[in-house]
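Me: I would like to learn how to read salt bridges and surface patches in a model. Please take me through them.

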Amino acid sequence: MEPIILEDITKVKRYAGKDYDKEKHEELKEIYNKLEHIGKLLKKKGFIYKIRKDPRKQNGPGKFVFRD
């Protein structure tokens, strides 16, 4: 598993609140997979984690945007 880099965090911040786009969703999915991997490692150490892998939220009728 590749490490999380500053560019990953920057992407998450940049896309927050923007209109849903399938290509960006795929990029975010890869980042969320990295976060999930870290969460599972932490869980083995006794930490509790929760991650929602769908980075979208509904913004009005029929419109989805990326979560903040």
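**Salt bridges and a patch**

Reply: The side chains of Lys34 and Asp8 form a salt bridge, with 2.8 Å from N to O. The pair joins distant parts of the chain, Lys34 in helix α2 and Asp8 in helix α1, 26 residues apart. This is a predicted model, where local features need pLDDT of at least 70, side-chain atom pairs count only at pLDDT 80 or more, and totals for chains, interfaces and linings use all residues. Residues are numbered from 1 along each chain as its sequence is written, and side-chain values use heavy atoms, leaving out hydrogens and water.

Me: What is a salt bridge?

Reply: A side-chain nitrogen of Lys or Arg within 4 Å of a carboxyl oxygen of Asp or Glu. The structure holds 4 of them.

Me: Are Lys34 and Asp8 buried or exposed?

Reply: Buried means under 20% relative accessible area, exposed over 50%, and partly exposed in between (1.4 Å probe, protein chains only). Lys34 is buried at 10%, and Asp8 is buried at 6%.

Me: Which residue forms a salt bridge with Glu7?

Reply: Lys11 does, with the closest N and O atoms 3.8 Å apart. Both lie in helix α1 (residues 6–15), 4 residues apart, about one turn of the helix; helices are DSSP runs (H or I, at least four residues), numbered from the N terminus. Glu7 is partly exposed at 45%, whereas Lys11 is buried at 16%. A network of salt bridges links Glu7, Lys11 and Glu27.

Note on methods. Helix = DSSP H or I, 4+ residues; strand = E, 2+ residues; numbered from the N terminus.
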